[in-house]
Amino acid sequence: MEQGMRLVAVPARGIRALAAARWGLVTTVVAALALGLWGLQDYTSDPRHETNDGLLDLIYYDLQLFVLGSSPLEAGGPIPWPLQIARFLAPAATVYFLFEAARAMFADTWRLVRQRSMSGHAVVTGKTPTAAAIAAELQASGRRVIRTETGDASSLYDAGVQGARVLYACADDSTDSSINVLTAATASRARRARKAGPLAVYAQVSDPAYALALRARHLSQPNTGSDFFNTDELAARELVRRDAATFEDAVPHVVIAGLGAFGQALVVELARMWQLSPRCGERLSVTLVDPAAEIIADDLRRRWPAVVQSCLLRPFPGDLRTAVDDESVPPHRTYLCFDDEDASVLAALTLAPLWRGGPHSLVLPLDRLARLVEVFGQDSTSLLDDIEGQLWPISVGSLIFNVTPGESGTIHEDIYERLAQSIHHIYLQRRVAQGARLGDTAAMVPWERLDTGFREANLQQARNIGAKLIALGCTVAPRTGSGVDRIDDTLIESLAVAEHDRWVAERISQGWRFGEVRDDRVKLHPSIKPWGDLSEAERDKDRDVVRDIPLILADYGLQVVRLTPPAVAPPTT
């Protein structure tokens, strides 16, 4: 168990200090031996101490200096200066050697003691590429990191989880899908050290459907800063975000070859991106190349409203070469997302019809073969050319392993932040449909550029969704198209009143107060007043918050499920 636990890296300064100490010991030993042999030769050649000792005897006497004694010195008399120095250097070297031996003998014990008493560090569990990449990024950012291969209670205790700031559970869950979930649960129950603060827990779940189901069950829980992340979803979201600007004036036609978890997530993120495009009036044409393309296309349409609204899916169950031959115009983007990355690389290098789409038109996401990204380029140092910029090889790891808390597009976005993003996304979508353009106002910007105050308002609304669902006698589940798509009008009014009260309390706590004219600079707002004093237009804003719950959840892949009759008095917080 303890063998699987280690610090991610030893600082360079520590390595240099250790090397210097070892060379110092060697130098001291050599000096002591040389000076001792020289001094003993002079000492024994003195007529008062003259003996018939040979060279081997002198070497033996010299070695005795390291155990605080030497037989010839028992005779007394003046001691030559080389021997005087040697009889101090030799014991000093012995003492230092014993110290190092003891330190090595008890190194593991001391390391565990230090780890168990650490605070503010990160714990990373698992022996996977994801775990290694996260640990490396944390280390590069200056964070203290402890890794452990297993996530049982004993290993987490030895890793100092009781004082840690964050835990990343990243074990291989290909054979045991719940291994990281159990690690997260164990860490969450661990007894926290005094003043350690809350522990943020992020568990990797490779199956996106399972990850979504876990997030659904976590929605109504009070603890934030925890989530079940899927690397394919994160990578697809970041890839589309980086590439979104190139779609503004381009022919809306995309080919996605390979519909594994990454390929399907790419379809969803492209659909959501296109909802905010200036050309959202025409649907994005997406050719899906996969043996199960038709089945997967139907499933995507059923689960994701954004796909139905924004995309014209064209399933193609044949091979990619045939699909390319059927295209009269090269696609704006071709994403090679085969589970077999060797097949993706081979397709990129051999399907010449894909080389006519323009710069970065052939996207090659690589994980296992990520080192190939550095092989392609246009300068003289590159081993292979990138087809004059047409080929865009990209490391999946570079898309997802930004481990700075608070940054968008990272594994630190829990379900509340993702729902807050959906709230803002729906707002932008409506305003764009009404003719507004991105950038017109401070609120009309993507989430990544949204002001902190607007973000927090959306987050507070998202965190209150669970309470509203309980009041409605409902819960959430992964979307199948059979859930509640509309909340009864008879239930909306009381929940709208509660929403207004919550919003007023939130604003007042932030220093806002009533003012006839809104002024964000001095925090004045005309809606900070009782429900009865609001105009119908202002009341409709709160009603829309309740009406939009099914829409917000659907944008995240969830649906409302009726359980019991609604509560009479919904909570106000």
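I took buried to mean under 20% relative accessible area, exposed over 50%, and partly exposed in between, with a 1.4 Å probe and protein chains only. E388 counts as exposed because its relative accessibility is 63%.

I noted that this is a predicted model, where local features need pLDDT of at least 70 and side-chain atom pairs count only at pLDDT 80 or more, while totals for chains, interfaces and linings use all residues. Residues are numbered from 1 along each chain as its sequence is written, and side-chain values use heavy atoms, with hydrogens and water left out.

**Two loop residues.** I found E388 in the loop between β13 (384-385) and β14 (391-395); helices (H or I, at least four residues) and strands (E, at least two) are DSSP runs, numbered from the N terminus. E388 is not a glycine, yet its phi is positive, about 55°. I then turned to H360, in the loop between α14 (341-350) and β11 (362-366). H360 is no glycine either and has a positive phi of about 60°. At 34% relative accessibility, H360 is partly exposed.

**D152.** I located D152 in the loop between β3 (145-148) and α6 (153-158), partly exposed at 33% relative accessibility. Its side chain makes a polar contact (a pair of N or O atoms within 3.5 Å; within protein, one must be able to donate a hydrogen and the other to accept it, and residues adjacent in sequence count only if both atoms are side-chain atoms) with the side chain of T150, at 3.0 Å. A polar atom of the D152 side chain also lies 3.0 Å from the backbone nitrogen of S155.
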